[in-house]
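Thanks for making the time this morning.

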Amino acid sequence: MREETANGGRKYAAEDLVDAVVVGTGAGGAPIIARLARAGLRVVGLEAGAHWNPAVDFATDERAQSKLFWTDERLSAGADPLAFGNNNSGIGVGGSTLHYTAFVPRAQPDDFLLNTEFGVGRDWPLTHADLEPYYDELEAFLGVSGPSSYPWGPPRQTDYPLAPLPLNGPAQLMTRGCDALGIRTSPAANAALSAAYFSPGVGWRAACTNRGFCQAGCSTGAKASMDVTFIPVALAAGAELRTESFVTGFEFDRSGRLCGVVYQTARGEARQRCSNVFLCAGAIETPRLLLLNSIANSSGQIGRNFMAHTGLQVWGRFDEDVRPYKGIPGALISEDMHRPVGASFVGGYLLQSIGVMPVTYASQVTRGRGLWGDALTTHMRGYNHTAGINILGECLPSDTNFLELSDETDARGLRKPRVHFTNGENERALTTHAERIMRDIWHAAGAYDVWAYPRNAHIMGTCRMGTDASDAVVDPFGRAFDITNLWVSDNSTFPSALSANPALTIMAIALRTADHFLARAARREA
């Protein structure tokens, strides 16, 4: 028995057997919910956070948008303990895409062959060619704005659907510095609309207003977060979405297959019968949930090989009026350092111009330069003359970087995750190389008071994919080796970090996983 709901989906009873429960509605989960629902499957999506209305709920105010960040306490350890929350994870329908900057470069073919190329790290059990049709599909559906000619990587099969967004102040200054040094640049690919755009199954979305508060939630729907793209498609196709539903466990049948998902709501514990589970909760909550339930870990790899992009930022002050809060934050890219000649490290990095909101910048100045009180106030008077560049660089998988369950418990009585992270020799050498390049760019552009802010960005690993069940958690399509109806689709499955932002690749892998699942179902394979 089921009844229609106001959001266009269906309402399933706990005892109804649905085809799939999808845990998480971010870049890994939302595409799967939409794909399976459009294929006619009975799908329930579970989301720990709320379903926001961007036009009403996303104010141009940083502090008001802290509700978009996953702020449950996570414990950090290691020589370079990571900051969580707004740095790398989100909550609410759309997950971290609610506050990502929509910077969506494709991974390069050699990103997937790190071990083949350098003899360290891990190769992926899939190729760039496997993901290319999904990259094409995603860019067309999301409405990616990008250049007509891109200097790096293999020739594209399709053009970006929209022209690039305008270069903001930081991007114009980075262009000036890079031109002086002979470093190639290009307008970046951004999943934000440079013109009004029609997405099948969604309708018309308005163009970006260059408001610049992408990390505080896009109020116009121009940024392609999952809540305004894949989720409307899923609901229209009949999927049910349950918000403020925090998954804590699973139920099994006598054969050891999953047959239900257990979760907490404001009304207490609930459950949903299902034939398959897709776990898409991210590189911390996905392994945490598996470890809490002691499942799918015969390889011992759950929580292992935690990675975080090297993300050093270099800031400079300029005579020009920059206004760094204006425009898409990551408007300009250079991949000239993807594989730098003569480098003393493995892999490489991309360079990205960065705009920044005032509270975010003030917090980084406080932590990075130790400025407080009058000194901080004096520095912030120059905020409108500030511009930044950052990198996203390779991070090698390492046995010393891992997630475990601590003995501390959270408000739900669940053990908190503790993440051990230390940048290795390779990450340190890469960062040193990048800092020199970024300082040279800013000096060539006319900057003064140049300073660096060390950081690590996107998190990955902890449930890596592979072809060998003894040293991987899932197969190349995200299916768990230990439990045949459990699938994982998020950044936890990455075998290496890729020297590119992960969002587009996460979505591409999700669609590939969904298509593989549907093909198996069509063949009636268990």
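Let me begin with helix α4, residues 128-142, and helix α11, residues 503-522, whose axes come within 9 Å of one another and cross at roughly 110° in this predicted model. Since angles from 65 to 115 degrees count as roughly perpendicular, α4 is roughly perpendicular to α11. The hand of this crossing of α4 and α11 is right-handed. On the α4 side the contact is made by D130, L131, Y134, Y135, E137, L138, E139 and L142, and on the α11 side by L504, T505, M507, A508, I509, L511, R512 and D515. If we sort the residues in this contact of α4 with α11 by class, we find 10 nonpolar, one polar and five charged.

Staying with α11 for a moment, this helix has 20 residues and reaches 29 Å from its first C-alpha to its last, which is close to the 28 Å expected at 1.5 Å a residue. How many of the residues of α11 are buried? The count is 16 of 20, and α11 can accordingly be described as mostly covered. Just after α11 comes R524, which takes a positive phi of about 60°.

There is a further partner of α11 to look at, namely helix α1, residues 30-38, which packs with α11 at an angle of about 30°, the axes being 8 Å apart. Because angles under 35 degrees count as roughly parallel, α1 and α11 are described as roughly parallel to each other. In passing α11, α1 makes a right-handed crossing. From α1 the contact takes P31, I32, R35 and L36, while α11 supplies M507, A510, L511, T513, A514, D515, F517 and L518. By class, the contact of α1 with α11 comprises nine nonpolar residues, one polar and two charged. If you compare the two lists, you will find M507, L511 and D515 of α11 named in the contact with α4 and named again in the contact with α1.

The contact of α5 with α10 divides into 10 nonpolar residues, one polar and two charged.

Now to the loops, where I would start with D111, which lies between β5 (75-77) and α3 (114-118). Is D111 buried or exposed? With a relative accessibility of 1%, D111 counts as buried, the cut-off for buried being under 20%. Leaving aside residues up to four places away in sequence, D111 touches W124, H338, R339, E394, S496, L498 and S499.

The other loop residue is N384, found between α9 (373-380) and β18 (386-393). N384 has a relative accessibility of 22% and therefore counts as partly exposed. Although N384 and Y325 are 59 residues apart in sequence, their C-alpha atoms are 8.3 Å apart in space. Again not counting residues up to four places away in sequence, the residues that N384 touches are E320, D321, V322, R323, P324 and Y325.

How values were computed
Residues are numbered from 1 along each chain as its sequence is written. This is a predicted model: local features need pLDDT of at least 70, side-chain atom pairs count only at pLDDT 80 or more; totals for chains, interfaces and linings use all residues. Side-chain values use heavy atoms; hydrogens and water are left out. Axes are lines fitted to C-alpha atoms, for helices over the stretch in contact, and angles run from 0 to 180 degrees between N-to-C directions. Helices (H or I, at least four residues) and strands (E, at least two) are DSSP runs, numbered from the N terminus. Angles under 35 degrees count as roughly parallel, over 145 as roughly antiparallel, 65 to 115 as roughly perpendicular and the rest as oblique. A crossing is left-handed if the near helix is turned anticlockwise from the far one by less than a right angle, and right-handed if clockwise. Contact means heavy atoms within 4.5 Å. Ala, Val, Leu, Ile, Met, Phe, Trp, Tyr, Cys and Pro count as nonpolar, Asp, Glu, Lys and Arg as charged, and the others, Gly among them, as polar. The expected span of a helix is 1.5 Å times one less than its number of residues. Buried means under 20% relative accessible area, exposed over 50%, partly exposed in between (1.4 Å probe, protein chains only).
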